[in-house]
Amino acid sequence: MKNINKYNLKNLMRFFLVALFIPISCSKDFLEQEPKSFFTPENALNTPEGLNAILSQALTGIRGEFYEDGAPMITENIFSEVSVEGTTDKSGPAQDLNAQILPDADNNSSNTNKINWFWEEFYEGIKFANTVIDRLDDAEFDSPEQRADILGRALFHRAYRYYRLTHQFGDIPFVLHEISGPKLDFASTERDVILKKIQEDLNMAVSMVNEVAPGGEVTRGAVLHLLTKINLALGDFDAAIISASQVIDGGQYALMTERFGIDAGDASKDITWDLHRVENKSIPGNTEGILVAIDRLEFVDQGATGGTSIQRQAVPLWWRFINTPDGQNGMSDSPDAEINLVTDIGRGIGRNRGTNYSTKEIWKDANNDQRHKLGNWFDMEDLVYNAPSLKESDNTFYGKNLELYLPDGTPLCSDTIRNWYGFPQYKFLVPDPTATRPSGGHGDWYVYRIAETYLLRAEAYFWNNDNALAAADINAVRQRAQADPISAADVNIDVILDERARELYYEESRKTELTRMAFIFARTGRSAYNGKSYSLENFSQDNFWYDRIMDVTDFYNVSGLKTIFGVSYTMSPYHVLWPIPASAINANTQGRINQNEGYPGAGLNIAPLTSIPEESDN
C-alpha cells in the first residue's frame with residue numbers, strides 16, 4: 001500500500017498545488033475533476049509518512065534526468081564540450097543553436113532538446129520541497145531527529161534545483177513557500193541571492209540529515225557534496241574545501257579500489273568495470289556512491305521509468321551506412337548474427353554524439369588508463385564487420401576490424417557524425433533482458449559519487465592557488481584507474497575539466513558545471529589558461545563557457561560543417577544561459593520575469609530583486 005499511495009499522492013499534489021508559471025485552465029473538465037486517491041492535503045501532510053511520500057516524488061524528479069528516450073542529461077551534455085546532438089537526418093535537434101534555441105520554441109521534446117524539462121520539473125521539485133517545509137508544523141513526529149531529517153532533505157531538494165537552475169537560466173524567480181492559489185506577479189531574483197540562501201539552508205541541513213539512509217535516499221554526504229558545489233559557485237573556496245573534506249574524510253564514503261560485485265571473478269575485467277555495473281552501484285560495500293538514482297525492472301508497475309535508454313542515446317549508429325573496403329554492407333544489428341554485436345553494444349542512434357575532445361583528445365596520453373582500454377572503451381576500429389551476407393559470400397572482410405577510409409581517402413561511412421565515434425562501453429552497457437535489440441535497460445545510476453568530490457576539492461585547491469593539493473586529489477582518481485599521475489605544475493582548469501570528462505562522462509551535469517566555472521572566472525577576474533580574463537558585466541557576450549567549447553570541440557568551430565540533412569552547427573556566447581520559456585513570462589501578467597540577454601524579449605527586462613522579502617513567496 002505504501003508504494004501505491006506514493007504514486008497516488010503525486011497525482012493529488014499536481015491537482016491541488018498550482019503549477020508554477022503555467023497558465024491555469026478554467027475549462028469545465030479541469031474544474032470537475034476529482035483526485036483519485038483517499039489522500040487530501042489535510043490527511044496526507046500531517047504525518048511523517050505523508051511528508052516522506054512528497055519527498056519521494058522530489059527524488060523521482062532527480063532520477064528522471066537520466067532515463068528514458070531523449071533523456072534530459074543529453075541536453076546538459078550537448079550544451080558543453082563533451083557532446084553534440086548527433087541526429088543528422090532532420091532539422092529539429094539542437095544543432096543550429098542560433099536559429100533553434102528560442103524562448104517560444106519546442107524546448108521539451110526528445111526530437112529537439114529538453115531545456116524546458118529542467119524548468120518545469122525542477123520547479124515542480126521546488127514545489128514539493130516548499131510544501132514539506134511549510135507543512136512541518138502540521139505534523140506529529142516520533143522524535144525531533146525524525147523532523148530534522150525530513151526538513152533537511154526538503155532543504156536539499158530545494159537547493160539541488162536552485163543550484164542547477166541558476167547555472168542553466170541565471171536570474172530566476174525565487175519561490176520559498178508553498179503557493180496555494182494563482183500567482184501572476186513573479187519577479188526574477190539575482191543569482192547570487194539565491195545561491196547565498198541555499199548555501200545557508202544546506203549549512204543548516206548538514207547536521208539534520210541522517211548519515212545513513214535506504215538506497216537512493218538523500219544522506220548527509222549528498223548534502224555536503226551539493227554544498228561544495230554551491231560554495232565554489234559563490235567563490236567561497238575555503239568553505240568548499242571544508243565541505244568536500246567532510247565527505248572524503250568522514251569515513252562513510254571512499255573510492256573503490258578493489259574488485260567487487262557481479263563480475264569480480266572475471267580476471268579480464270577491472271575495478272573501473274566493476275564500479276559501473278548497474279548491479280553494483282547500490283550494493284552494500286560499494287562506498288563510492290553518495291547519491292544514486294534507483295531504477296529496477298521490478299519497479300515498472302510502481303511508476304518507474306522506461307529504463308536508461310543509454311545504448312540507444314549515446315552509442316553510435318554503428319549498424320547502418322558502414323561499408324567494407326570492397327563496397328559491401330558491412331554491419332548487422334541482428335541478434336541472430338554469428339558475430340552478435342547488438343546484444344552488448346545496443347542498437348544506438350548516436351543522439352548523444354561524443355566530440356573529438358571527449359572521445360580522442362583527452363585520451364591521447366592514456367597509456368594504461370583503465371577508462372580507455374579495449375573492452376572498457378570501444379573505438380569504431382575495434383568493431384568488426386559482422387553482416388551475415390559477407391560470410392555467405394565468403395567476403396574476406398568478414399570478421400575483420402572496421403576501416404573508415406580507403407587508401408585514397410574515400411570514406412567507407414556515409415555519416416561520420418552519427419556513425420563513427422568512440423564510447424565508454426563500461427558505462428553504457430546496461431543489459432535489457434526484455435529486448436532482442438537492446439536500447440539500454442533498467443539500472444541504477446550515479447548522481448553523486450566520491451570521485452567527483454575529490455575533483456571538486458581539487459578545483460577548490462586550484463582556485464586557492466594550492467596546486468600541490470589539487471594534484472594530489474586529481475591523482476587519487478587517476479591512480480584508481482591506473483592513469484599516469486600529474487604534477488602540481490600541470491594543474492589548471494583545463495586539466496580539471498579533462499579529468500572530469502574522463503571520469504564523469506554522462507554522469508555529471510556538464511553544462512551546469514562548465515557554466516559554474518565560467519561564472520567563477522567572471523566573478524574573480526582571474527585569467528584562464530587561454531590567457532583571457534572575464535567579467536560579470538558582459539557575461540552573455542564574453543565568457544569562458546563559450547571559449548572553452550570553441551577551443552576544444554570540432555563542430556561549432558569548424559567552418560562549413562553540416563549534417564547530412566544540411567544543418568550547420570552554430571553557437572553563440574549568450575547560449576551560456578538558456579532562454580526563459582516564453583510561456584512562463586507571458587503567463588506572469590502582473591510581474592516581470594526577465595529574459596536572458598541574446599534572446600527575444602530581453603529588451604523588456606527590469607532590475608532583478610537583490611534581496612529576499614521577509615514574507616517571500618516570490
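The second largest pocket is lined by 18 residues. Nearest its centre lie Asp171, Phe519, Leu536, Leu577 and Glu597. Helix 9 (191–205) and helix 22 (510–524) are the elements that give two or more residues to this lining. About 580 Å³ of space lies in the pocket. Its lining divides into five nonpolar, six polar and seven charged residues. Here Ala, Val, Leu, Ile, Met, Phe, Trp, Tyr, Cys and Pro count as nonpolar, Asp, Glu, Lys and Arg as charged, and the others, Gly among them, as polar.

The model is predicted: local features need pLDDT of at least 70, side-chain atom pairs count only at pLDDT 80 or more, and totals for chains, interfaces and linings use all residues. Residues are numbered from 1 along each chain as its sequence is written, and side-chain values use heavy atoms, with hydrogens and water left out.

A pocket is an open set of points on a 1 Å grid over the protein atoms alone, where a 1.4 Å probe fits, with protein on both sides within 12 Å along at least five of seven lines; lining residues have an atom within 4 Å of a point. Grid points are joined across faces, edges and corners, and the volume is the space filled by probe spheres set on the points.

Now the salt bridges. The count comes to 49, with a side-chain nitrogen of Lys or Arg within 4 Å of a carboxyl oxygen of Asp or Glu as the rule. Aspartate 89 and arginine 418 form one of them, at 3.4 Å, N to O. Aspartate 89 lies in the loop between strand 1 (83–85) and helix 6 (97–100), and arginine 418 in helix 17 (residues 416–419), so the pair ties together parts that are 329 residues apart in sequence. Helices (H or I, at least four residues) and strands (E, at least two) are DSSP runs, numbered from the N terminus.

How exposed are the partners? Aspartate 89 is partly exposed, at 42% relative accessibility. Arginine 418 is buried, at 10%. Buried means under 20% relative accessible area, exposed over 50%, and partly exposed in between (1.4 Å probe, protein chains only).

Glutamate 178 and arginine 135 meet at 2.9 Å, N to O. This pair links distant parts of the chain, 43 residues apart: glutamate 178 sits in the loop between strand 2 (172–173) and strand 3 (188–189), arginine 135 in helix 7 (residues 115–135). Glutamate 178 is buried, at 17% relative accessibility.

Glutamate 499 and arginine 502 stay within helix 21 (residues 493–504), three residues apart, about one turn of the helix. Their salt bridge spans 2.7 Å, N to O. Both residues are buried.
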